[in-house]
Amino acid sequence: MQTDFRIQTSSVEETRRLGRTLGSAVEPGTVISLSGDLGSGKTALTQGIAGGMGVDPSRYVTSPSYTLVNQHPGRRHMLYHIDFYRLEEAEEAEALGMDDILHRHDVVVVEWGDRFGRGLWGENLEIHLTLTDETTREIFFTAFDDRGKRLIATLK
């Protein structure tokens, strides 16, 4: 896997702070794919993205493992938080209305976004999280276009 940037976080809160930085820089229409093992920090990173986008803190962002799609209104645009973990094939994802969601010019974060292959959803940025011990995460960023590169630049 090509990696444009790599960073390490030492706590869940540090992973959330990283997400807040991303969330404050996302543009309408941004699609971020998250991958990594269970417990690697995908939801914590998404919580931070939501915070950076101005999602009301009283709307606690949880993994949409069972609901599959959660919507969170931010300051300027909606955050669609999607989880493909329980899906068996790409057609199920399409049945969720992915085409409609992806064309709304909001921000989309897809947990387990690589489940059916890379690049299926027009991702601007792929983030892979690896839990190296109880609290430490290695986080790898891959940009697929200029929008993804601008997001990585905000982290450097």
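Colleague: Is I101 buried or exposed?
Modeller: I101 counts as buried because its relative accessibility is 8%, where buried means under 20% relative accessible area, exposed over 50% and partly exposed in between, with a 1.4 Å probe and protein chains only. This is a predicted model, in which local features need pLDDT of at least 70, side-chain atom pairs count only at pLDDT 80 or more, and totals for chains, interfaces and linings use all residues. Residues are numbered from 1 along each chain as its sequence is written, and side-chain values use heavy atoms, with hydrogens and water left out.

Colleague: Which residues does I101 touch, leaving out those up to four places away in sequence?
Modeller: I101 touches V69, Y80, I82, L96 and V108, contact meaning heavy atoms within 4.5 Å.

Colleague: Switching topic, how many residues are in the largest nonpolar core?
Modeller: That core has 24 residues, and L22, I32, L45, I49, L125, I127 and F141 are those with the most contacts inside it; a nonpolar core is a set of buried Ala, Val, Leu, Ile, Met, Phe, Trp, Tyr and Cys residues joined through side-chain atoms within 4.5 Å. Apart from it lies another core, of ten residues, including V31, I82, F84 and L102.

Colleague: And what does L45 touch?
Modeller: Not counting residues up to four places away in sequence, L45 touches T15, L18, G19, L34, I127 and L129.
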